[in-house]
Structure formats: C-alpha cells, structure tokens
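Dear colleague,

I am handing over the structure below, and I would be grateful if you could look through it alongside the notes that follow.

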Amino acid sequence: MAVSNNITACVTLMALICAVPVIASGVWFASAQGEECARLARWPVAILGGLILLAALAGFVGAYWNRRRLLAFYLFAMAALIALLIALLVFAFAVTRGSGAYPVLGRAYDEYHLDGFSMWLRGYVSDDPGRWERIKACLVVSDTCKKLARQASFLTADQFYQSHLTPLQSGCCKPPAVCGYSYVSPTVWASPADAAARQAADPDCGLWGNDPSQLCYECESCRAGLIAALRDQWHRANIALVVATVALVFLYLVGCSAYKNAQAEAIFRRYKW
C-alpha cells in the first residue's frame, strides 16, 4: 500500500472505534428499561452508530485493498452521517435546555413543573393521552414509589424533607409542597383543612391520593418528573456522543486529505511509467 493509503486505513480504523460509543449509547437507551418507563428517540442513535460503523468498515477495506470506489463511498457516506449526528446533538441540546426544577424552602429535593421544559418535551407527555396511560401503568407497577415507601429511614417529616429524591419520586410519589399536605409516611399524606382552596391554586392538589395505584400519577408534577429523568439520561449520553462526533470530524478531515494524496500518487505513478 502507498503511504497515503496506509494513513487512510489507520483513519478509517479509528473511525470504526469512534462508532462504538455511539452504538453503545443507542443500545443503552433502547435496552435499559429504567424506572422512567419511557423511551424517547433511542433506537435512532443505535442505528446511526451502526451506519457509521459500516461506512468506516467500507473505508478500511477500500484503503487496505486500494478500492477507490469504496473509499469514495466512505467519504460521501461519512459526511452525511456526521451531519446527521451533529443535527441529532443540536436537537437534543435544544429540547433538553430547560431543567424544570424548582427549589422548595426547607426541602433538600427539588420539585418539577412542566413550564420549565421545552414545548417539544411537554408535548411528548401531554399531547397523547394513550401514551401517558401506558407510562402511568408502568410507573404503578415499578419500584419508583414502592421503594420509597419501604424505606425505614424516614421516621419523621424532617428526615423525609432532607432526603434527596429522584425526579420521579419527587413528582409522582408525593403531593406538591404547595398543597400543604401533612407528612404521615413517604407515600401517605394527610389532607389540609383548606384543601378546596389549595386545589383551586394548583390542580395537582386535587389529583393526589394515598392509594398506591393513584398517588400523584395523574399530576403534572409527575409528567415533569418523567421529563427530568429523561433529560438526565440524554445529558449523560450526550457526553459520549459529543466526544465521538469531534473525533469523527477530525478523522474525516484527515481521511479526505489522505484520499486526495492517494489520488495524486496514483496519477504521478501513471505518468511516471
């Protein structure tokens, strides 16, 4: 192989390696049925990573055995896939920009409101009632609130208020603090005397129930907690995706340069003979 082909082969091999974290992020998204009971745009990430892997494999074969058509296909396909990956990252950062978390006086945990999230995420949990019914049914049978109810460390209200709850536990397993319910246990709360007035101030107050199958699963705070959990997942995955994207862009530019040099070497050898 010519020197330029050697460089291109090394570049495509590294691109193969860079495709692994993209695939891993997508597979983790698609296969991890977490406590949030929702899967948001997960398989496209794995599919995109698989396509990058195939394109890089074609480029490696083309560079190693000097197949110019495969190299040209690699450069064209990789440019399109990198553009799609960048578009996916821009979309992910745009729709997960707001946190929706609000501190509560005297509480170690945050509470969550839908108006703190993007319109796209709010629509995901609000526009399709059937989707939320499926998510709610999953949450009811999950350990999200059951685990909280079983914890014996919360002997007093103050101990509970100083605990660190997950977004789903904060939004779905207890009433919002503004409702003024009195603590009995993590998932059992006593109604205040002015319950009717508080329900008028926040509709979630009237949706709370001590029944384990009801709790606050119909509350907007539960939908907001779900979005916050999904947002945290996306932010963790975005770290790997950003690193992989930067590496792929750099390797693509090096690959383009090496491909041009390989073409120049081929033309030089043809004229030399």
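Is Tyr161 buried or exposed? Tyr161 is buried, because its relative accessible area is 14%, where buried means under 20% relative accessible area, exposed over 50% and partly exposed in between, with a 1.4 Å probe and protein chains only.

Please keep in mind that this is a predicted model, in which local features need pLDDT of at least 70 and side-chain atom pairs count only at pLDDT 80 or more, while totals for chains, interfaces and linings use all residues. Residues are numbered from 1 along each chain as its sequence is written, and side-chain values use heavy atoms, with hydrogens and water left out.

The aromatic residues

Rings of Phe, Tyr and Trp (its six-membered ring) pair if their centres lie within 6.5 Å, and planes under 30 degrees apart count as stacked, over 60 as edge-to-face and the rest as tilted. By this rule the count comes to 9 aromatic pairs. In one of them, Phe160 and Tyr161 have ring centres 6.3 Å apart and planes at 65°, so the pair is edge-to-face, and both Phe160 and Tyr161 are buried. Tyr161 also pairs with Tyr183, with centres 6.5 Å apart and planes at 65°, so this pair is edge-to-face. Helices (H or I, at least four residues) and strands (E, at least two) are DSSP runs, numbered from the N terminus. Tyr183 counts as buried, because its relative accessibility is 14%. Tyr109, Phe160, Tyr161, Tyr183 and Trp189 form one aromatic cluster.

Helices α2 and α3

Helix α2 (residues 43-64) and α3 pack at an angle of about 155°, with their axes 8 Å apart; axes are lines fitted to C-alpha atoms, for helices over the stretch in contact, and angles run from 0 to 180 degrees between N-to-C directions. That makes α2 roughly antiparallel to α3, a term for angles over 145 degrees, whereas those under 35 count as roughly parallel, 65 to 115 as roughly perpendicular and the rest as oblique.

Ala83 lies in helix α3 (residues 68-95) and is partly exposed, with a relative accessible area of 45%. The C-alpha atoms of Ala83 and Val249 are separated by 9.5 Å, although these residues are 166 residues apart along the chain.
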